Amino acid sequence: ATTEIYTLSLHDALPISVCSISWCRNGSKLSSASTDNTVSVWDVLTGECDYRFRFPSPVLRVQFNPRTSNEILVVPMRHAAVVINLEGGHKLVPVEDDTDLTIFACYDRRGRYIFTGNSKGKILIVDSKSLEQKVCFRVTQTAAANNAVKGIEFARRSESFLVNTSDRVIRVYNTKEVLESDGKDIEPLQKLQDL
């Protein structure tokens, strides 16, 4: 069932590769995703694993909420992203297209919104608490272009974010302008391309 996407797993440590890490805001915890389909949350001072979650598929990315150390965003391959509350419970992040689960997801720099991008070049922005849709837009205005979103990154000190897509163009957007738009004809502030 899609609602049971993870289970707590207490297994012996095996030689595995780490594919994603994220520090919590105060630096006391570290979350890691590894090639054995698990996400672990570590206490940095003791070195102990506080939580371990096993997923049905490889995990592409794990990220702590930038404002709280009790919430992580997990992006499993071929599944919707999951917000896990470490004190109990989880929620599936909505997707723009139920048939397209090839997504990238991350929190904005303040943890207010979750930005997801799919293989059709669409960005969906949802409120991180209610998971209600705020804005949805396509990075390229031509409907024929299937332009997979490969990454979304936020500037530390400004209101900008960039989107890396499979057409080898990095597009820079203003977060405030995107959130205040209706999702139609959002143009990037800048495009960077290296053939």
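Modeller: Three strands, S6 (59–64), S10 (104–107) and S14, each give at least two residues to the lining of the largest pocket. Strands here are DSSP runs (E, at least two residues), numbered from the N terminus. S14 supplies the largest share of that lining, three residues. A pocket is found on a 1 Å grid over the protein atoms alone: it is an open set of points where a 1.4 Å probe fits, with protein on both sides within 12 Å along at least five of seven lines, and lining residues have an atom within 4 Å of a point. The space in the largest pocket is about 440 Å³. That volume is the space filled by probe spheres set on the points, which are joined across faces, edges and corners. The lining has 14 residues, and Gln 63, Pro 66, Arg 109, Phe 154 and Arg 156 are the closest to the pocket centre.

The model is predicted: local features need pLDDT of at least 70, side-chain atom pairs count only at pLDDT 80 or more, and totals for chains, interfaces and linings use all residues. Residues are numbered from 1 along each chain as its sequence is written, and side-chain values use heavy atoms, without hydrogens and water.

Now follow S14. An open sheet of four antiparallel strands runs in the order S14-S15-S16-S17. Its edge strands are S14 (149–154) and S17 (190–193), each pairing on one side only. Pairing takes at least two DSSP bridges between two strands. S14 and S15 (residues 160–165) run antiparallel and are joined by five bridges. In one of these strands, S15, Thr 165 is the bridge partner of Val 149.
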